[in-house]
Amino acid sequence: MTGGVRFRLNYCSFHCSLRSILLAALVLLAIVPYCLTNSRAVVSVSDPHFGIETVVQGLKYPTAMAFLSPDEILVLEKDEGKVVRVVNGNISNNTVLSLGVFHPDERGLLGMTLQKQSDVIGENEGNEPKYVFLYYSEPANRRNSTQGVSINGTDCKTQDVCPKSQLSNRLYRYEYKDNKLVNPKLLIDIPIYWNNRVYPKAYSAILNGGSHWMHYPLREGIHQGGKLVMGPDNNVYLVTGDGGGCLNKDGCYRSIKNGFLSMKSANKINGTEPVGLGGILHVTPDGKAVGNRGIIGDQYPQSYYYAYGIRNSFGLDFDPLTGNLWDTENGPHFGDEINLVKPGFNSGWAKIQGTWPVINYTFLHFNSTERGIHIHPSPSLNKNKLESFDGKGEYSVPEFTWNASIGVTSIKFLDTDRYGEKYKNDILVGDAYGRIYHFDLNQNRTGLTLTGSLKDKIANSDLEVRDLIIVQGLDTITDMQLGPDGYLYVLSYTGKISKVIPKNTLE
């Protein structure tokens with residue numbers, strides 16, 4: 001599906017008018033979830049016990065939220081580069097943080113997670129966040145220089161370690177004091193300087209402020225991921241996309257040969273070393289590799305990889321009962337996924353998407369003769385064609401796959417009693433159409449309980465998943481969180497936070 005966050009408003013206002021055009025954009029540019037809106041759709045809930053309540057409206061293209069208290073929510077605004085507070089259902093005039101982010105396409109202010117005081121000093125001590133972690137796209141002209149910044153214990157003095165004049169996606173740690181985010185500490189820098197090998201003239205023009213960068217075949221703005229979550233081990237987990245590529249036949253060829261898809265993290269055997277793209281990274285709150293060593297390699301930034309082979313993702317969450325990590329992943333226009341992510345997990349991209357090998361990269365591009373689903377039959381999977389980092393990484397098939405991409409986004413475990421035993425600790429998943437899907441887990445919680453036509457773990461049509469959809473019509477869902485009150489809050493890219501509430505007491 002998709003890529004990251006939204007295009008400019010004038011692009012969306014034109015291209016979001018027709019569903020068919022949006023689906024074309026989904027295939028071609030992988031940005032549907034953040035362009036697609038259902039502003040004319042009626043919100044409906046399949047379970048008669050539930051209702052939908054609007055908490056706040058008027059946010060500007062929000063991408064993530066986190067609760068400070070029962071009455072206060074921090075929200076990220078992608079293009080504005082602002083961290084704002086929602087207090088008692090109102091947007092505060094006092095901005096918590098304002099950043100000059102680089103926000104074309106899916107870049108911008110993308111991800112956030114909190115470390116509460118209680119996580120550090122005991123469950124009964126303060127609920128105020130000790131740290132707030134932010135992931136965003138930082139323009140070179142904003143930082144001027146990274147001299148004096150330390151990454152992984154190395155001073156930023158060399159181009160190889162921390163480029164000083166490149167665009168980057170960066171993970172920062174902030175302290176929260178007096179309703180402000182202060183004292184930023186750079187934890188991870190994911191540069192894109194390596195991509196100048198693909199289109200050096202276009203890349204140079206972008207860095208020099210070229211105003212017509214959208215005209216270049218280089219598209220650095222897509223597939224950035226950005227979802228952040230605090231793990232039960234009190235470490236930060238970040239999902240990144242592959243960076244982009246495959247937007248046209250020539251660009252796809254170049255990306256596979258020596259660009260976006262030429263790295264080992266995209267399963268190119270003997271490719272270039274990973275740079276932080278196309279995976280799930282984990283890092284301590286102080287910016288160190290977890291356990292002081294990596295799963296797929298011990299050198300920076302390989303030492304931060306927890307999983308790899310990911311095209312793009314907007315969903316991460318931990319099972320409250322097992323501590324297992326789960327994610328969602330977007331396919332090009334087939335093969336959206338839900339995955340159980342164990343250490344060293346290889347999701348298969350760019351050799352496999354969904355349950356099918358990618359055998360023809362030109363198939364990833366939309367035209368009048370191609371369908372929005374994978375063509376059957378296809379050759380069997382060949383794990384020997386995947387990069388394993390000397391046996392440290394292992395591919396496993398998705399726990400659920402959509403044949404035609406629906407723009408899967410947020411994933412959330414319902415660690416709450418508010419909705420009764422039917423839903424407790426189950427998985428909810430959101431999509432670009434504003435729908436929420438409900439999945440039961442199997443007994444050992446390593447897979448999903450699927451029956452009937454879904455026993456093969458593949459949704460071949462909307463008809464097959466209609467019984468899984470419990471809410472629809474909410475607009476593109478960018479985040480779902482459980483509030484301190486135990487209720488589910490849903491963030492929509494059109495600027496709204498909604499709350500799913502029981503209509504009456506559930507046993």
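**Figure 1. The loop around Pro-301 in the predicted model.** Pro-301 lies in the loop between β16 (279–283) and β17. This structure is a predicted model. The peptide bond that leads from Tyr-300 to Pro-301 is cis, and its omega is near 0 degrees. Among the aromatic pairs of the structure, which number 18, is one made by Tyr-300 and Tyr-304. The ring centres of Tyr-300 and Tyr-304 are 5.6 Å apart and the ring planes stand at 90 degrees, so this pair is edge-to-face. Tyr-300 has a relative accessibility of 22% and counts as partly exposed, while Tyr-304, at 0%, is buried.

Figure 2. Trp-349 and Ala-350 are joined by a cis peptide bond with an omega of about 15 degrees. Ala-350 belongs to the loop between β21 (345–346) and β22 (352–353).

Figure 3. Ser-313 sits in the loop between β17 (305–308) and β18. Is Ser-313 buried or exposed? Its relative accessibility is 0%, so Ser-313 counts as buried. A polar atom of the Ser-313 side chain lies 2.6 Å from the backbone oxygen of Thr-328. A polar atom of this side chain also lies 3.3 Å from the backbone nitrogen of Gly-315. With neighbours within four places in sequence left aside, the contacts of Ser-313 are Gly-225, Gly-226, Val-239, Thr-328 and Glu-329.

**Figure 4. An open sheet of five strands.** The strands follow the order β18-β19-β20-β25-β29, and their pairing is mixed. β18 (315–318) and β29 (458–459) are at the edges; each has a single partner strand, so one side of each has no neighbour in the sheet. In general, the strands of a sheet pair through backbone hydrogen bonds, in a parallel or an antiparallel way. β18 and β19 (residues 325–329) run antiparallel and are joined by four bridges. Within this pair, Asp-317 is opposite Trp-326 of β19.

**Figure 5. The hairpin of β3 and β4.** β3 and β4 form a hairpin, with two residues between the strands. Their pairing is antiparallel and extends over six bridges. Ala-64 has Leu-76 of β4 opposite it. β3 is mostly covered, with eight of its eight residues buried. Tyr-61 is in the loop between β2 and β3. The phi of Tyr-61 is near 50 degrees, which is a positive value in a residue other than glycine. Tyr-61 is partly exposed, with a relative accessible area of 21%.

**Figure 6. The largest nonpolar core.** This core has 27 residues, and those with the most contacts inside it include Leu-59, Val-75, Tyr-419 and Val-490. Among the elements that give two or more residues to the core are β2 (50–56), β3 (62–69), β4 (72–77) and β33 (496–502). Which strand gives the most to this core? β32 does, with four residues.

**Figure 7. Leu-468 and its contacts.** Leu-468 is placed in the loop between α7 (462–465) and β30 (469–472). Its relative accessible area is 15%, and buried means under 20%, so Leu-468 counts as buried. Not counting residues up to four places away in sequence, Leu-468 touches Phe-400, Ile-436, Tyr-437, His-438, Phe-439 and Leu-454. Leu-468 and Arg-435 are 33 residues apart along the chain, and their C-alpha atoms are separated by 9.9 Å.

**Figure 8. Asn-267 and its positive phi.** Asn-267 is found in the loop between α6 (249–258) and β16. Its phi is near 65 degrees, a positive value in a residue other than glycine. Asn-267 has a relative accessibility of 0% and counts as buried.

**Figure 9. An aromatic cluster.** One aromatic cluster is formed by Phe-50, Tyr-419, Tyr-423 and Tyr-487. Tyr-419 is also one of the residues with the most contacts inside the largest nonpolar core.

How values were computed: Residues numbered from 1 in each chain as written. Predicted model: local features only at pLDDT ≥ 70, side-chain atom pairs only at ≥ 80, totals over all residues. Heavy atoms only, no water. Pairing = 2+ DSSP bridges. Buried < 20%, exposed > 50% of the residue type's maximum accessible area, 1.4 Å probe, protein only. Contact = heavy atoms within 4.5 Å. Polar contact = N/O pair within 3.5 Å; in protein donor to acceptor, adjacent residues only side chain to side chain. Core = buried A, V, L, I, M, F, W, Y, C linked by side-chain atoms within 4.5 Å. Phe/Tyr/Trp six-rings, centres within 6.5 Å; stacked < 30°, edge-to-face > 60°.
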